Amino acid sequence: MAAATSAEAEAPNQTFDTILLLDFGSQTSHLILRCLRSLNIYAEMLPCTTKIADLTWKPKGVILSGGPASVYDEVAPHADPAVFDLGVPILGICYGCQEIAWRANSANVAAGEAREYGHADVTIKKVEGADHVNKLFQGLGEEMHVYMSHFDKLVKLPEGFTILASTPNSEFAGIAHETKPVFGVQFHPEVEHTPRGVELFKNFAVDICGARQHWVMSDFIQHEIQRIRKLVGPKAQVIGAVSGGVDSTVAARLMTEAIGDRFHAVLVDNGVMRLNECQQVKETLEKHLGINLTVIDGADLFLSRLKGLTEPEAKRKVIGSTFIDLFEEEAIRIEKAAENTPNAGKVEYFLQGTLYPDVIESLSFKGPSATIKTHHNVGGLPARMMNGQGLKLIEPLRELFKDEVREFGRQLGIHEDLVMRHPFPGPGIAIRIIGEVTPERVAIARKADHIFISMIREAGIYNEMSQAYAGLDTNRAVGVMGDARVYGYIIILRAVTTTNFMTAEPYEFKFDLLKKIARRIVNEVDGVARVTYDITSKPPGTIELE
């Protein structure tokens, strides 16, 4: 098998005009990306600690995000000074604005003197004889409704800057350099509570940075097909994980479009799939999408390795490692089977349906952010996948959000029912069981989940929510059945609405339907004593239980 590192090839930032977002740990940084992409402008987010010298591409502009720190904190994150020597427009948002002012003179920012949270109205000030400066608020009128969230603020105007907007609390709510394309705003244009924020981003990205609005999904598909063909070459073969979810299905369909039967999709029955999952996936991928598929029975191996584990990260790591063990065995089998086939090459690449939220949540930097959890298809991979000892990783959806992947799937001709299917994590039911995973608990969670999803579909509300499932709490509760005391598991129902899976709100069920769902689960699933509904938003919770 080929020695390997992570796969590299021409990335979207080499083809599409790209805005670089430097993240200072804001909970809403991803919304900046979504605003730009809604304008058909490609954008990428990197940690604020990124060294500009390490970039292999030049952005059309740079945005400095907000963040929870104060510029005066001893461990406050600061951007590489080389950012300001790139010669491209810069927009600082909240903390990013303070970063710009602080760099000019630390006395420009006051710490903790201007707490301002919630709605505000900024007065926009037109600067006479400076059309280049006025472009940021162009077309937004004389007043703009915005959302504030800060405890530090600018108390002095940096030398060489002029005022663009102000509020009674923040005199310097919008600033611009008089001669350089450097701007700052104290408010958050990326959140929905700033209704015209997208217009401000368009002014910056299009009118100031000159970025073309050419991030179109059909173009991206053709770009990715060409990129994959160039990366993989004419002979190498690719093996990929599929689960039947939209992410892995779209990735598999794309790879099939690019290299045909040299792509080998592998579905592992890990013993923690949903009811009848493997049979359904096999029929869909082989019969309807023409994908070259192998099904591996690994249920006993997975469950044996999970025995005794209760810590969520440990379970994810074991599942990720076991997946790769089985995939590498399958890769060897495929190579041997293809030895006498004309033009057959080695299996060199491993395909995964990693999405941008997976990347964002799994990577942290020394600064304000912290890893939320290890995703099975990012940080959960064994070290040998990333250090040259195994297959090379290829992730064609890595720069996309969930709604973009769904559109990608439609463009590839994948049926709407599959495109809109709720996500199902690679570790499966194992991370929907709080505590140790056993065959008994998997069976209970699987049956409860099937009832829950079936009743949602019957009610005609499946597509109103973004993800739904039934999890299991391995603590037990007392119940009464048939005049007898029982001591059974607790089923946790979870359903959320979201567009980007970075934030989410609980779905608001009609209470009568919830009662019917709970009644069926308790009546039909042996071992269950109670059913609860999780109404936690993300944040502070995550969508999955573990």
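A contact means heavy atoms within 4.5 Å.

**View 1. Welcome to the whole chain.** This is a predicted model, in which local features need pLDDT of at least 70, side-chain atom pairs count only at pLDDT 80 or more, and totals for chains, interfaces and linings use all residues. Residues are numbered from 1 along each chain as its sequence is written, and side-chain values use heavy atoms, leaving out hydrogens and water. Among contacts between residues at least 6 apart in sequence, 76% join residues at least 24 apart. The chain holds 15 helices and 21 strands (DSSP runs numbered from the N terminus: H or I of at least four residues for helices, E of at least two for strands). Of its 546 residues, 59% count as buried (under 20% relative accessible area, with a 1.4 Å probe and protein chains only).

**View 2. Meet an open sheet of five strands.** Its order is β14-β13-β12-β15-β16, with parallel pairing; strands pair if DSSP finds at least two bridges between them. At the edges, β14 (293-297) and β16 (392-394) each pair on one side only.

View 3. Four bridges join β12 (residues 237-241) to β13 (residues 263-269), and the two run parallel. Here Ala 241 stands opposite Val 266 of β13. Helix α6 (residues 217-232) packs on the sheet, where α6 touches β12, β15 (347-351) and β16.

**View 4. Find Arg 37 in helix α2.** Arg 37 sits in α2 (residues 29-38). Arg 37 counts as buried because its relative accessibility is 4%. Beyond residues up to four places away in sequence, Arg 37 touches several residues, including Tyr 42, Trp 215, Tyr 356 and Glu 404.

Methods:
Buried < 20%, exposed > 50% of the residue type's maximum accessible area, 1.4 Å probe, protein only. Axes fitted to C-alpha atoms, helices over the stretch in contact; angles between N-to-C directions.
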